[in-house]
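Open the model in your viewer and keep the sequence panel beside it. This tour tells you what to select, stop by stop.

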Amino acid sequence: MEEYKRQFIDFMVESKVLKFGEFTLKSGRKSPFFMNAGAYVTGSQLKRLGEFYAHAIHDNFGLDFDVLFGPAYKGIPLAVSCAIAFHDLYGKEVRYCSNRKEVKDHGADKGNLLGSELRDGDRVVMIEDVTTSGKSIDETYPIVTGAAAVEVKGLIVSLNRMEVGKGGKVSAQEEIQERYGFPVASIVTMAEVVEALDGTIITPQLKAAIDEYYEKYGVK
């Protein structure tokens with residue numbers, strides 16, 4: 001496992017973004033772990049978060065892209081912090097863009113986008129916190145592709161939960177890949193989290209609960 005992945009796993013735990021216990025998800029599933037990217041709230045946390053995303057995007061998609069698109073609302077600070085990190089780490093200037101939940105009908109920047117405008121020929125990487133059902137991408141992909149003749153290079157998320165998607169056969173990330181034809185990658189997978197924390201934070205009892213959860217909801 002790459003060193004930045006191990007550091008990111010520790011970072012999620014230290015930031016109280018990744019928690020273990022008993023949680024009821026939006027889907028109704030009872031999960032022994034929960035991730036809340038909204039818990040990244042300080043300048044130093046957002047700086048490091050952007051750097052972790054930049055490393056993962058570089059590893060998975062390279063540097064041949066122009067725009068980072070973060071779906072509102074959680075995707076906005078992700079896109080901004082990651083754009084800064086690309087400048088600092090790789091000397092690459094990328095633009096950020098996001099959608100508005102409500103269309104703005106006044107002022108010079110009317111419309112449903114904020115940040116950079118999308119232009120014909122732009123290569124776009126979409127950035128999310130986590131994908132469970134793919135609903136956010138279903139909502140925002142038409143906005144991105146409807147704004148200009150762009151190429152979506154891929155989607156990056158922080159954690160691949162490795163659960164079956166809405167179809168019940170493959171993971172949510174694989175469903176997105178099949179539906180839209182672009183790759184989906186993550187900074188880390190839940191399997192890597194378990195590997196890194198097994199024997200410390202993840203006790204034998206917790207490991208059994210995680211194994212039971214994946215027996216029920218994991219990708220077979």
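How are α2 and α3 oriented to each other: roughly parallel or roughly perpendicular? Keep that in mind as you make the first selection. One note before you start: this is a predicted model.

**Stop 1: two crossing helices**

Select helix α2, residues 43–61, and helix α3, residues 75–90. Their axes come within 7 Å and cross at roughly 70°. An angle of 65 to 115 degrees counts as roughly perpendicular, so α2 and α3 are roughly perpendicular to each other.

Now show the side chains at the contact. From α2, pick L46, L49, G50, E51, Y53, A54, H55, I57 and H58. From α3, pick P77, L78, S81, C82, A85, F86, L89 and Y90. Colour them by class. Twelve residues of this contact are nonpolar, four are polar and one is charged.

**Stop 2**

Go to Y73, in the loop between β3 and α3. Look at the peptide bond that joins A72 and Y73: it is cis, with omega about 5°. Most peptide bonds are trans.

**Stop 3: a run of parallel strands**

Select strand β3, residues 67–69, together with β6. The two run parallel, joined by three bridges. Find V67 and look across to β6: V124 stands opposite.

Stay with strand β6, residues 123–127. Is β6 largely enclosed or largely open? Four of its five residues are buried, so β6 is largely enclosed by the rest of the structure.

Pick V125, then its bridge partner in β7, G154.

Select L155 and you will find V184 of β8 opposite.

**Stop 4: helix α4**

Select helix α4, residues 135–147. How far apart should its ends be? At 1.5 Å a residue, the 13 residues should span 18 Å. The end C-alpha atoms are 19 Å apart, which agrees. Then highlight I137, T140 and V144, which are buried in α4.

**Stop 5: α1 against α6**

Select helix α1, residues 3–14, and helix α6, residues 190–197. The axes come within 10 Å and cross at roughly 85°. That makes α1 roughly perpendicular to α6.

Show the contact. α1 brings K5, R6, I9, D10, M12 and V13. α6 brings E192, V193, E195, A196 and L197. Colour by class again: six residues are nonpolar, none is polar and five are charged.

**Stop 6**

Zoom in on F8, in helix α1. Its relative accessibility is 0%, so F8 counts as buried. What does F8 touch beyond its neighbours within four places in sequence? The list is Y40, L49, F52, S158, I187 and V188.

Is K5 buried or exposed? With a relative accessible area of 13%, K5 is buried, because the cut-off for buried is under 20%. Leaving out residues up to four places away in sequence, K5 touches I187, V188 and E192.

**Stop 7**

Most residues other than glycine have a negative phi. The last two selections have a positive one.

Select K16, in the loop between α1 and β1. Its phi is near 60°. K16 counts as exposed, at 58% relative accessibility.

Finish at M162, found in the loop between β7 and α5. The phi of M162 is also positive, near 60°. At 30% relative accessibility, M162 counts as partly exposed.

Key:
Residues are numbered from 1 along each chain as its sequence is written. This is a predicted model: local features need pLDDT of at least 70, side-chain atom pairs count only at pLDDT 80 or more; totals for chains, interfaces and linings use all residues. Side-chain values use heavy atoms; hydrogens and water are left out. The expected span of a helix is 1.5 Å times one less than its number of residues. Buried means under 20% relative accessible area, exposed over 50%, partly exposed in between (1.4 Å probe, protein chains only). Two strands pair if DSSP finds at least two bridges between them. Axes are lines fitted to C-alpha atoms, for helices over the stretch in contact, and angles run from 0 to 180 degrees between N-to-C directions. Angles under 35 degrees count as roughly parallel, over 145 as roughly antiparallel, 65 to 115 as roughly perpendicular and the rest as oblique. Contact means heavy atoms within 4.5 Å. Ala, Val, Leu, Ile, Met, Phe, Trp, Tyr, Cys and Pro count as nonpolar, Asp, Glu, Lys and Arg as charged, and the others, Gly among them, as polar.
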